[in-house]
Amino acid sequence: MTITYTSDHFKEQAHQALGEPNLQRALDRTTTLLQARRARAYAEFEEFESTRDAASRIKDHVLRHLDHYLERFETAATAAGCKVHWARTADEACAIVVDLCKAARAQTVTRVKSMLGEEIGLPEALDGAGLERVETDLAEHINQLAGDRPSHIVIPALHKTREEVSELFREAHGHGRRIEEVAELVQSARLALREKYFKADVGISGANFLIADTGSVCTVTNEGNAELTMELPRVHIVTAGIEKLVPSMDHAAVLLRVLARSALGMEITQYTTFLTGPRRPGDRDGPEEMHIVLVDAGRTELLADELAPILKCIRCAACINHCPVYGQIGGHAYGGIYQGPMGSVLTPMAASLAKAKDLPHACTLNGRCVDVCPVKIPLTDLIRTLRERIWQQQLTDRPTRWGLGLWGQVVRRPALYRLASRISARALRVWARGKPMIKRLPLDGAWTKSRDFPTPEPGGTFMERYRRGER
Amino acid sequence: MSARDTVLARVRRALGEPPSDAKTIEAEAAALVPHLNEVRPRLDDSDAVERFIEKATSDRVTATVERLPSPDALPTAVHQYLDRGDLGPRVAAALPPILRDLHWDALELKDEIDRNEAVALSYAEAAIAETGTLVFPSSPTVPTLFSFLALHHLAVVRADDILPHKEDAYQRFVGRALPRSLVLVTGTSGTADIEGQNIRGAHGPRYLHILILDAS
């Protein structure tokens, strides 16, 4: 089911986010913590750079031979007793899942958080088919109660403070109490969800990795909700993007070592599970049927494109956690499913470049995302490529095009450029009236609407001071 | 054209070049993890069991560990754990016959696990020193749910089965079919979903107590 993107309202949404004290508090509490944890994990892992190299090369290799690995995986998974389905589009993937639920005569469906599921609009499709959908990931449970979308790919309810969660649980869990401690909130959710695991007819999960040579599906969680969702219902359905393949378990081991460290600063998540087929003779648990839906939904288009490196992404969110823009505006401002640097590249794929044209521009090109990416995706290069396309496709608004055109004429003439910089640096100092930051730029009020401009330093432009030997 | 053929055709068109043969691709894949010590933490010469205990009891993994001189000491150790927590005599147990047949008379061992079971005892076929991880392959003897439903998870592992790295544990399955589910358990069910605070006992166990059996 096609989901509604509001990425075309990025500017208003970002502006609104900056003025929400609860969101600012939640962002501040969490991103600082995640950055510190990641730094600690890598300080203790001397082999980080070589592991990151290997992780990056493994992903490159798989993309280069994606057809081989898809067929290999299909053969192995089928041999293990799974049924493999293919979906060209998001809608086709949702239709396959809904049909499988109907065939199972399902009433209740439990779900493990999967960003692909969110991307293809699976929650909406399940709701639309009249199924009782139960999100089992704690954060997704919170989002489901609040009617919110994920604001972060690893911690989807990052935008919520404990006070807000307490308010949601008070009613939904039927105890009417105002809980203050986070531990007690978690216990409240545990009790509410336990019954649902046993009630569900179908469990739906995603995949962190698909192991080509064994046909296994690998998931990682800390909560253990994935296993309860995948083991208890009679039917288990996996939806996974076609880029999730790895050659073998040993290759997965390399990627697993960087995934948990990059995401949460952990050496390994609490649970790492490899599922290979449905229940076997003699087994006392496990689903009777296991289905795997391999989803394209724009990925093959990216594969043919210079943006292909984004398909290496393992959804660790390190780029998001270290993005100064995300740290200020949070996830919902991006108006899609993916946020921050990786989201600015993926949302144009999932929605359209026209609809997402503000996202690649909401980037300072500081490159922290590139430094922390565990599979070495050149995010800032990809964002620059998208900016070029936005320009070429004339998606930029007219005043900006006109302004940039003029700027282009000036910078190509060094003497003129120096003269213009000299005049504007002096004019801006007068305009600033001695303040260190300019709140509103003359002639460019739109630019300073959501940011401040530093007042030029005294002593003239950089080039003037350089000539005088001051720089 | 079927969805399958369409997706594969799109992939091939995107890649442009004619596909390499499977042998070449496999050789390339094998060369990607040639020197395992460059892509995993080097463990110093300390004993794997010592390292496992250090990791499993760290503040990130939060398990408790007890080392038993022989399998015969297992029932008493379990009994004492239950007494310490005032948990009653009932334990849902998933053990291989040789451990199931020990003298459990003082306890009420059951082979099924209830949805709100308090204590589960299960057997890990291997453990990983690198991260303090237990390895549970599913089988009729040890179903997966024994690691997930109870609030207290007691896990038994033999000292000889504690291996240095993940890859060593995977190696045990080379040449035979993978179990239906292979679960690596590192600590207890936890969440950091509310304000990044680590809380234990999210959906599954809040306590993990590991009993290491030395050979006898």
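**View 1. The surroundings of His61(A), whose contacts (heavy atoms within 4.5 Å) include Tyr69(A), Pro247(A), Ile25(B), Glu28(B), Ala29(B) and Leu32(B), leaving aside residues up to four places away in sequence.** This is a predicted model, in which local features need pLDDT of at least 70, side-chain atom pairs count only at pLDDT 80 or more, and totals for chains, interfaces and linings use all residues. Residues are numbered from 1 along each chain as its sequence is written, chains are lettered from A and ligands numbered from 1 in the order in which they are written, and side-chain values use heavy atoms, without hydrogens and water.

**View 2. His61(A) and its side-chain polar contacts.** Look for His61(A) in helix α3 (residues 48-64) of chain A; helices are DSSP runs of H or I with at least four residues, strands are E runs of at least two, and both are numbered from the N terminus. Its side chain meets that of Tyr69(A) at 2.7 Å and that of Glu28(B) at 2.9 Å. A polar contact is a pair of N or O atoms within 3.5 Å; within protein, one must be able to donate a hydrogen and the other to accept it, and residues adjacent in sequence count only if both atoms are side-chain atoms.

**View 3. An aromatic pair between Phe274(A) and Tyr170(B).** Seven aromatic pairs are found over all chains. In this one the ring centres are 5.7 Å apart and the planes 80° apart, an edge-to-face arrangement (centres within 6.5 Å; planes under 30 degrees apart are stacked, over 60 edge-to-face, the rest tilted). The pair links strand β9 (residues 271-275) of chain A with helix α6 (residues 166-171) of chain B.

Key: Rings of Phe, Tyr and Trp (its six-membered ring) pair if their centres lie within 6.5 Å; planes under 30 degrees apart count as stacked, over 60 as edge-to-face and the rest as tilted.
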